[in-house]
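Trainee: Could you go through this model with me? I would like to begin with how the elements are assigned.

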Amino acid sequence: MSILIIILAIGAFLCLYRIYQGPSIADRAVGVDIMGILFVGITALSALFYDLSYLMDLSITLTLFSFIGTLALAKYLEKRSLDD
Amino acid sequence: MISPIGWIIIWIGVVFDILGAIGLVRFPDVYNRLQASTKCVTLGTFGIMVGIFLLKGFTPMGIKALICGVFLLFTSPVAAHALMKGSLHFGTKMWKGTVVDEYGKDKLGGEQIDKKEG
């Protein structure tokens, strides 16, 4: 059933196209956000297929770090500092 | 009995994920892209997590999958909202077919709709 991971990887390549092509910085930020969530899905499916429980820990951590990174990019776009 | 339901939910989640990625490429401006891709990808990845929980049950992997899904439902809409507000204040113009922009009229001194063709 690794076709599922291949489909998600194709989606991640579509996000890479948007990051490369995107006309503004906001498009690139959206691409990075979506690609992070797709990586969470890929990690979870890898944990299911290989039956490795610690990859699910990695998935939780990736969710939270993707959230923090996206918030930092949004603050940067809004022209505010990080402790504002 | 519970196993085919889990696989079906995982397949639905993966299909939602790839539809969100296609929407990220195909839609015309950053706001449409953000709406389509964030909704689809959040629901899709949450579906993957629920499917893994149904397949694995109350084992460590299943509980972690459920926790990861709950975190995803909490964090992803907040991140999308912050990105949307950030790109509005950054000055990204909306698509030329946009009908109304009340936020720009109130807070930013004029509608942020792209007037020129192209």
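Mentor: Helices here are DSSP runs of H or I with at least four residues, strands are runs of E with at least two, and both are numbered from the N terminus. Please keep in mind that this is a predicted model.

Trainee: Is chain A a compact globule or more spread out?

Mentor: Chain A is more spread out than a compact globule, because its radius of gyration is 15 Å, well over the 12 Å that the globule rule gives for 84 residues. Along the principal axes, the C-alpha atoms of chain A fill a box of roughly 45 × 30 × 10 Å.

Trainee: And what share of its residues is buried?

Mentor: Buried residues make up 49% of the 84 residues in chain A, and of the contacts in that chain with a separation of 6 or more, 43% are between residues 24 or more positions apart.

Trainee: Switching to the interface, how many residues are in contact between chain B and chain A?

Mentor: On the chain B side there are 42 residues in contact with 46 residues of chain A. The area buried between the two chains is about 3,900 Å², with carbon and sulfur atoms giving 81% of that area. Within chain B, the residues that lose the most area to chain A are Met61(B), Leu83(B) and Phe90(B), which together account for 15% of what that side buries.

Trainee: How many salt bridges cross it?

Mentor: The rule finds four salt bridges across the interface of chain B and chain A, including one in which the side chains of Arg33(B) and Asp27(A) meet at 2.2 Å, N to O. As for polar contacts between these chains, the count is seven residue pairs, both residues at pLDDT 80 or more.

Trainee: Which helix gives the most on the chain B side?

Mentor: That is α3(B), with 19 residues, although α1 (2–26), α2 (30–56) and α3 (60–90) of chain B each supply at least two. By class, the side of chain B that touches chain A has 28 nonpolar, nine polar and five charged residues.

Trainee: Last one: where is Leu108(B), and what does it touch?

Mentor: Leu108(B) lies in the segment after α4 (102–107) of chain B and, at 25% relative accessibility, counts as partly exposed. Leaving aside neighbours within four places in sequence, Leu108(B) is in contact with Leu88(B), His89(B) and Tyr103(B).

Notes
Residues numbered from 1 in each chain as written. Chains lettered and ligands numbered in written order. Predicted model: local features only at pLDDT ≥ 70, side-chain atom pairs only at ≥ 80, totals over all residues. Heavy atoms only, no water. Contact = heavy atoms within 4.5 Å. Buried area = accessible area lost by both parts, 1.4 Å probe. Polar contact = N/O pair within 3.5 Å; in protein donor to acceptor, adjacent residues only side chain to side chain. Nonpolar A, V, L, I, M, F, W, Y, C, P; charged D, E, K, R; others polar. Rg over C-alpha atoms; globule rule 2.2 N^0.38 Å. Buried < 20%, exposed > 50% of the residue type's maximum accessible area, 1.4 Å probe, protein only.
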